[in-house]
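Please look over the sequence and the three-dimensional model shown here before reading the notes that follow.

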Amino acid sequence: MACKKDKWADNVAGKFYVDEQCIDCDLCRETAPAFFTRNEDGGHSFVHAQPVTEEDRELCMEALEGCPVDAIGCDGDQD
């Protein structure tokens, strides 16, 4: 389960985030590329845009549920 205190600093503020458990597998970036991207220097994914529509949220939840190491959280800051 992802942990807010371990989330990468490059995540944008909002409900979804990626934490330090990320193994750079690319699943989230393939599932929801409008919201997840790669930190090339650090070799991990992060959230670069928060979902707005229900369809967007469903894509992010699909990425969260598919993450093999549970590095995606959906309990982040709401602002």
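With which residue does Arg38 form a salt bridge in which the closest N and O atoms are 2.7 Å apart? The partner is Glu40, where a salt bridge is defined as a side-chain nitrogen of Lys or Arg within 4 Å of a carboxyl oxygen of Asp or Glu. This is a predicted model, in which local features need pLDDT of at least 70 and side-chain atom pairs count only at pLDDT 80 or more, while totals for chains, interfaces and linings use all residues. Residues are numbered from 1 along each chain as its sequence is written, and side-chain values use heavy atoms, with hydrogens and water left out.

**Salt bridges**

- The count of salt bridges comes to 6, and a network of them links Asp24, Asp26, Arg29, Arg38 and Glu40.
- Asp24 and Arg38 meet through their side chains in a salt bridge with an N to O distance of 2.6 Å; Asp24 lies in the loop between β1 (17–18) and α1 (27–31) and Arg38 in strand β2 (residues 36–39), so the pair ties together parts that are 14 residues apart in sequence.
- Helices (H or I, at least four residues) and strands (E, at least two) are here DSSP runs, numbered from the N terminus.
- The side chains of Arg29 and Asp26 also meet in a salt bridge, at 2.8 Å from N to O.

- For context, most residues other than glycine have a negative phi.

**Nonpolar core**

- The largest nonpolar core has 14 residues, and those with the most contacts inside it are Phe16, Val18, Phe36 and Ile72; such a core is a set of buried Ala, Val, Leu, Ile, Met, Phe, Trp, Tyr and Cys residues joined through side-chain atoms within 4.5 Å.
- Helix α2 (residues 54–66) gives the most to this core, with 3 residues.
- Contact means heavy atoms within 4.5 Å, and, leaving aside its neighbours within four places in sequence, Phe16 is in contact with residues including Val47, Pro51, Cys60, Met61, Leu64 and Ile72.
- Cys60, placed in helix α2, counts as buried at 1% relative accessibility and touches Phe16, Ala32, Phe35, Phe36 and Pro51, not counting residues up to four places away in sequence.

**Cavity**

- The model has 1 cavity of 30 Å³ or more, a cavity being a set of points, on a 1 Å grid over the protein atoms alone, where a 1.4 Å probe fits but cannot get out.
- The largest cavity has a volume of about 80 Å³, and of the 13 residues that line it, the closest to its centre are Cys22, Cys25, Cys28, Cys67 and Ile72.
- Grid points are joined across faces, edges and corners, and a volume is the space filled by probe spheres set on the points, while lining residues have an atom within 4 Å of a point.
- By class, the lining of the largest cavity has 10 nonpolar, 1 polar and 2 charged residues, with Ala, Val, Leu, Ile, Met, Phe, Trp, Tyr, Cys and Pro counted as nonpolar, Asp, Glu, Lys and Arg as charged, and the others, Gly among them, as polar.

**Further residues**

- His44 lies in strand β3 (residues 44–47) and is buried, with a relative accessible area of 4%; leaving aside its neighbours within four places in sequence, its contacts include Asp24, Arg29 and Arg38.
- Lys15 is found in the segment before β1 and counts as partly exposed at 36% relative accessibility.
- Lys15 and Gln50 are 35 residues apart in sequence and 7.4 Å apart in space, C-alpha to C-alpha.

How values were computed:
Buried < 20%, exposed > 50% of the residue type's maximum accessible area, 1.4 Å probe, protein only. 1 Å grid on protein atoms, 1.4 Å probe; cavity = no way out; pocket = protein on both sides within 12 Å on 5 of 7 lines; lining within 4 Å.
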